[in-house]
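User: I am new to reading protein models. Please take me through one, feature by feature.

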Amino acid sequence: MGKNIMIVGVGGQGSLLASRILGNAVMLEGYDVKVSEVHGMSQRGGSVVTYVKFGESVASPVICKGEADIIMSFELLEAARWLPYLKKDGTIITNTQQINPMPVITGAAEYPADLVEKMRAKGVNVIAADALSIAREAGSEKAVNVALIGLMSHALGFDRDTLVKAIKMSVPEKFLELNMKAFELGEAGSAQ
Amino acid sequence: MKKLMLGNEAVARGLYEAGVKLVSSYPGTPSTEVTEAAAKYEEIYAEWAPNEKVALEVALGAAIGGGRSFCGMKHVGLNVAADPLFITAYTGVNGGMVIGVADDPGMHSSQNEQDSRHYARAAKLPIVEPSDSGECLEFTKLAYEYSEKFDTPFILRLNTRVSHSQSLVELSERAEKDVKPYEKSVAKHVMMPANARGRHVVVEDRLKELSAFACDCPFNKVVDNNTKLGIITSGPSYTYALEVFGDSASYLKLGLVYPFADELIKDFAAKHERVIVIEELDPFIEEHCKALGLNVEGKNLLPLLGEFSQELIAEKLLDKSAEFTALDEAIPVRPPVLCPGCPHRGIFYIFKKLGLYVSGDIGCYTLGAAAPLSAMDTTLCMGASISALHGYNKIRGEENKSVAVIGDSTFMHSGMTGLVNITYNKGNSTVVIVDNSITGMTGHQQNPCTGFTLKGEPVHGIMLENIARAAGVADEHIRIVDPNNLKEVEKVLKEELNSGTPSVIICRKPCALLKYVKHEPALKVDTDKCIGCKACMKIGCPCISVVNGKAKIDATLCVGCGLCPQMCPKDAIKGGM
């Protein structure tokens with residue numbers, strides 16, 4: 001088994017923590033792994049993407065069109081933007097939060113409506129949830145990344161213990177309880 | 001022990017394990033984390049220098065002094081450091097020295113695409129290029145060993161995909177290196193003509209030795225799969241090629257890219273019916289292969305521009321295109337924007353309102369060029385805002401309607417010499433320093449103005465107003481304003497534009513992302529008062545949108561900076577939730 005996972009969102013949403021948790025989980029499972037991130041100017045509120053690839057041996061650190069098994073998105077429009085990167089039969093896990101990009105704010109473009117339905121109409125597996133509310137329920141909006149990892153846990157197919165251990169490795173002790181709660185609520189959300 | 005590490009962190013680990021004593025760098029994406037990670041090792045003295053030229057000179061001084069040293073920068077930083085770079089080949093080192101430079105094909109966070117390998121050939125220095133984090137660590141350590149053996153600095157060429165990808169690395173202990181004895185040698189270290197003539201002979205002889213070494217060195221690797229197709233490649237391109245061709249091609253992977261391993265290349269080419277050179281940016285290896293008389297392909301098939309990927313290589317070399325699903329409608333682009341609460345936002349609104357010519361610079365505030373602020377005429381290179389404005393005004397005489405805008409870190413990097421040029425040469429330009437008390441764009445690095453070193457030690461921060469004064473700007477024309485007070489900013493700006501004398505306006509407010517900056521509660525629109533005029537949207541804040549004809553503020557993003565209420569003609573935006 002090996003998988004290509006993309007974590008996409010808007011710069012500043014915390015995708016680096018999500019990729020760190022996944023990277024650690026994959027390492028615990030004993031795979032070769034590469035994680036590719038974006039830093040610098042594109043981080044400032046722009047569209048950002050992180051690639052997590054694992055398997056027996058990983059060469060290229062990037063994921064290209066039609067190669068992702070899972071796309072985990074922090075924001076709805078970003079899920080639609082990166083859809084071409086999804087493999088046939090792949091799964092999109094997306095937060096339903098909408099953040100307007102500048103062309104929408106200035107009125108040069110409109111935020112497309114019904115994106116989840118439109119993706120499903122194309123035959124795409126979409127798990128959509130309000131991860132922000134899940135995180136809020138767990139105690140803080142900041143836990144949105146771990147809530148999304150919870151939502152992804154079934155598609156990922158890892159041992160639950162592995163994911164829990166990876167979260168413990170990746171978040172500061174004082175936020176562990178909050179993040180574990182967000183993970184469990186996310187997990188429950190994806191099972192529904 | 002195996003650890004998942006960024007390429008940049010793995011370089012830093014290599015510095016640690018190689019016994020490096022000193023690191024001096026200037027931040028620049030994608031190179032920054034090498035130095036940040038190195039600073040976390042107690043055994044390494046690490047600092048941010050004000051610019052790359054200073055950093056490289058510090059590292060050279062340390063190497064001459066007998067300690068292993070490193071300096072790191074992005075590709076354009078090497079342009080700034082080019083003067084000492086060329087001299088290092090002549091002086092050689094004593095303790096080993098490595099110059100880390102990170103290129104940015106695809107320009108994720110840069111003003112140009114530039115191939116640093118040309119510098120190796122021009123300066124006659126060896127350059128090594130790793131493909132992943134494991135090689136980052138391994139090549140860094142080896143580079144120190146051979147730097148001392150051949151008495152030359154090595155250039156370590158990184159790349160966005162190598163610097164910012166994590167992969168597994170094997171860690172070892174640090175091998176402590178004693179500081180080597182210093183022996184005075186005027187002929188080796190004092191580069192005046194008589195001595196330099198002698199040293200040039202050494203440089204050329206050394207290159208020949210390195211060229212022979214390249215054919216049998218631990219950096220280069222041949223993977224022979226007994227195929228008709230041979231691929232010559234280096235860096236991240238090797239990983240893309242491997243993913244596309246696997247065992248169906250053989251590979252000559254050049255880790256030591258320059259000087260070229262001529263015999264190795266000729267031998268590899270002779271064994272294969274078809275040879276393709278896969279390299280990002282310029283045909284550096286390809287042209288050399290052709291100069292050797294070899295029949296190779298490369299840029300006739302692959303682009304000169306941008307990043308490569310397995311998709312691109314499969315498309316260009318195998319005519320295979322990806323299969324994928326897409327929605328039928330266009331997805332609006334999401335370009336980077338100034339953050340909510342960014343202290344740079346207001347000044348750009350005023351620039352636009354006054355219709356000024358804006359000579360811009362490199363930093364987060366370059367985003368002031370984007371709509372709806374759209375208030376920038378030029379962005380050239382670090383520090384050029386001030387010097388280029390002086391030239392513009394000498395030609396056009398528009399001092400009353402033009403301004404330079406530059407950040408605190410960029411001003412310290414190379415802006416202040418431009419200011420000295422204005423006062424010295426009777427210029428009357430107005431310089432706005434947007435002082436957010438940090439190096440923002442690269443992710444919050446300290447600089448000489450912030451009051452802290454890279455290691456977090458408190459120091460006496462340099463005051464920008466003192467530099468302006470020392471540069472010859474009159475006290476009454478050095479103004480300090482709160483950039484979120486739009487009325488004051490506009491008033492001061494108008495006064496200084498019309499003053500007929502050099503002036504410096506310091507917009508001082510810390511970056512809204514700094515941990516110590518307290519955020520106010522999100523602002524809220526009173527929908528009864530809001531008339532939907534969209535005046536608040538002129539500042540380009542990502543928190544504000546119009547819903548059902550009324551302004552709406554996203555409470556999850558807003559940090560209550562107080563700028564938008566100043567835009568509202570109906571007093572409809574209020575603080576507190």
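User: How many helices and strands does chain B have?

Analyst: First, some ground rules. This is a predicted model, where local features need pLDDT of at least 70 and side-chain atom pairs count only at pLDDT 80 or more, while totals for chains, interfaces and linings use all residues. Residues are numbered from 1 along each chain as its sequence is written, chains are lettered from A and ligands numbered from 1 in the order in which they are written, and side-chain values use heavy atoms, without hydrogens and water.

Analyst: Now the count. Helices (H or I, at least four residues) and strands (E, at least two) are DSSP runs, numbered from the N terminus. Chain B has 19 helices and 23 strands.

User: What does the radius of gyration of chain B say?

Analyst: It is taken over C-alpha atoms, and the globule rule is 2.2 Å times the number of residues to the power 0.38. For 577 residues, a compact globule would come near 25 Å; chain B has 27 Å, which agrees. The C-alpha trace spans about 80 × 65 × 50 Å along its principal axes.

User: What share of the residues of chain B is buried?

Analyst: Buried means under 20% relative accessible area, exposed over 50%, partly exposed in between (1.4 Å probe, protein chains only). In chain B, 59% of the 577 residues are buried.

User: Is Glu57(B) buried or partly exposed?

Analyst: Glu57(B) is partly exposed, because its relative accessible area is 34%. Glu57(B) sits in helix α3, residues 52-64. Between Glu57(B) and Gly415(B) there are 19 Å, C-alpha to C-alpha, and 358 residues of sequence separation.
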